[in-house]
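This briefing is meant for a reader who is meeting the structure for the first time. Please look over the sequence and the model below before going on to the notes.

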Amino acid sequence: MKSSNPQALRVRSAAGDYFVLCRRGVLRQAAEQIARLGEFSSVHILSSRRVWRAVGKKVQRGISMGRKVHVHLFDDSETAKTLTTVENVARKLVRTGADRKSLLIAVGGGVTGDVIGFVAASYLRGVALVQVPTTVVAQVDSAVGGKTGVNLPEGKNLFGAFYPPRLVLVDPEVLNTLPPREFRGGLAEVIKYGVIADSKLFAFLEKNMPAILARDNGALEHVIRRSIEIKGDVVSRDERETSLREILNYGHTFAHALEAATHYRKFQHGEAVAWGMMCAALLGHETVKTPADDVVRIIALVRPIGPLPEWPTVPAERLFDLMRADKKTKFGKVRFVLSPRLGRAQSYDGVTEKAAISVLRFGPRLILKSLKPLRNSNG
Ligand SMILES: NC(=O)c1ccc[n+]([C@@H]2O[C@H](COP(=O)([O-])OP(=O)(O)OC[C@H]3O[C@@H](n4cnc5c(N)ncnc54)[C@H](O)[C@@H]3O)[C@@H](O)[C@H]2O)c1
Ligand SMILES: [Zn+2]
């Protein structure tokens with residue numbers, strides 16, 4: 001596929017490179033962009049009732065351009081991110097005549113992208129997939145990089161495949177209808193990119209966070225695009241997460257423990273990542289000499305995306321056990337991504353249990369205390 005579009009970001013994949021087009025209004029030219037991928041025997045949009053109510057008209061207008069398009073709606077809740085849903089969607093595809101030359105278009109958040117990505121990877125052993133992400137998380141994270149899959153009763157994302165899309169269409173306009181908590185939580189992942197890879201992005205966020213929280217078009221589009229560039233660059237260099245891709249898990253070792261300890265009910269994922277990044281910053285200071293100034297800046301940038309749910313009343317040792325059970329653990333060692341200074345990150349397996357537990361025990365109080373003046377100045 002060729003693209004003369006300077007705004008197209010190319011992502012490398014062993015199964016074939018693809019482009020991410022990120023700009024306001026890109027969905028209006030969706031049919032044109034999809035036509036560049038080749039001929040398809042049929043086109044199937046997969047989305048949820050909620051997403052379709054919010055953005056369906058816009059998407060359908062842009063994609064169909066007069067041709068027949070099948071629209072299948074399914075349950076996109078996290079609890080329905082299961083093999084049963086995969087089976088139901090696949091059966092719908094059979095019943096509506098989808099064949100090897102059909103195209104699937106996933107329209108929705110990360111759940112939709114992960115489930116439909118996995119369907120696309122498996123249906124007739126693989127059919128073409130276009131991702132149309134409609135949440136901040138999906139736009140800056142899940143729609144790029146080819147990780148697809150579903151949950152098992154034993155844990156999250158345990159069953160899936162690497163399956164890159166043929167194209168990703170990112171239109172920040174669709175974020176207008178996103179509920180506030182989803183929107184704000186998603187910004188945690190954006191901050192993450194600043195911390196791990198781009199101190200300029202971090203500084204831009206510091207300056208423009210109020211505008212971004214108010215969903216200012218220009219600022220939002222800038223940070224989404226920059227986040228995608230970073231994610232695209234990382235997965236292009238390490239698609240299968242042999243090493244570099246691990247840095248995308250900054251804050252996530254803590255976040256997964258918080259989510260698991262509260263049975264995925266208390267925290268929206270981004271909120272857990274927000275706590276996780278602040279803890280990772282403290283742990284960085286303890287173990288890899290992250291400057292205190294960077295730690296303070298990380299905490300000061302992350303907190304305003306809240307109010308975050310309170311840190312749960314779970315013993316630090318229990319949280320550490322949950323970290324050990326995380327699927328990212330290798331040979332029984334808990335791995336932490338730490339940032340020795342803003343704009344850089346690396347995965348470490350040498351963090352002592354004592355240091356981690358100390359952050360889990362004292363970190364949350366320290367974080368709240370460090371922000372007292374900031375809270376007062378904000379009223
Ligand atoms: N594959 C990856 O690399 C990767 C990366 C990060 C997260 N994930 C996965 O993504 C999922 C989380 O994704 P998410 O945060 O996008 O949440 P989500 O998919 O659960 O969507 C959140 C809610 O917002 C609704 N919604 C979506 N777009 C909307 C819109 N434009 N207007 C109004 N409502 C809208 C959805 O219906 C849903 O109720 C998790 O399952 C996680 O495991 C995958
Ligand atoms: Zn995440």
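In this predicted model, Ser102 sits in the loop that runs between α3 (83–95) and β5 (103–108). The notes begin with this serine and then turn to ligand 1 and the residues around it.

**Ser102 and its surroundings**
- Ser102 has a relative accessible area of 1% and therefore counts as buried, since the cut-off for that class is under 20%.
- The side chain of Ser102 forms a polar contact with the side chain of Ser42 at 2.7 Å, and the side chain of Ser102 also reaches the backbone nitrogen of Asp99 at 2.8 Å.
- When neighbours within four places in sequence are left aside, the residues in contact with Ser102 are Phe40, Ser41, Ser42, His44, Gly97, Val127 and Ala128.

**Polar atoms close to ligand 1**
- A polar side-chain atom of Thr177 lies 2.7 Å from a nitrogen atom of ligand 1, while a polar side-chain atom of Asp114 lies 2.9 Å from a nitrogen atom of the ligand.
- Val111 takes part through its backbone, with an N or O atom that lies 3.0 Å from an oxygen atom of ligand 1.
- On its own, ligand 1 has 870 Å² of accessible area, of which the protein covers 88%.

**The shell around ligand 1**
- Of the 26 residues around ligand 1, those that come nearest are Arg50, Asp76, Glu78, Thr134 and Thr135.
- The elements that give two or more residues to this shell are α2 (49–64), α4 (110–122), α5 (136–142) and β8 (155–162), and the largest share, four residues, comes from α2.
- Sorted by class, the shell holds eight nonpolar, eight polar and 10 charged residues.

Notes. Residues are numbered from 1 along each chain as its sequence is written. Chains are lettered from A and ligands numbered from 1 in the order in which they are written. This is a predicted model: local features need pLDDT of at least 70, side-chain atom pairs count only at pLDDT 80 or more; totals for chains, interfaces and linings use all residues. Side-chain values use heavy atoms; hydrogens and water are left out. A residue is near a molecule or strand if one of its heavy atoms lies within 4 Å of it. A polar contact is a pair of N or O atoms within 3.5 Å; within protein, one must be able to donate a hydrogen and the other to accept it, and residues adjacent in sequence count only if both atoms are side-chain atoms. Accessible areas come from the Shrake-Rupley method with a 1.4 Å probe; for residues, only the protein chains shown count as cover. Ala, Val, Leu, Ile, Met, Phe, Trp, Tyr, Cys and Pro count as nonpolar, Asp, Glu, Lys and Arg as charged, and the others, Gly among them, as polar. Buried means under 20% relative accessible area, exposed over 50%, partly exposed in between (1.4 Å probe, protein chains only). Contact means heavy atoms within 4.5 Å.
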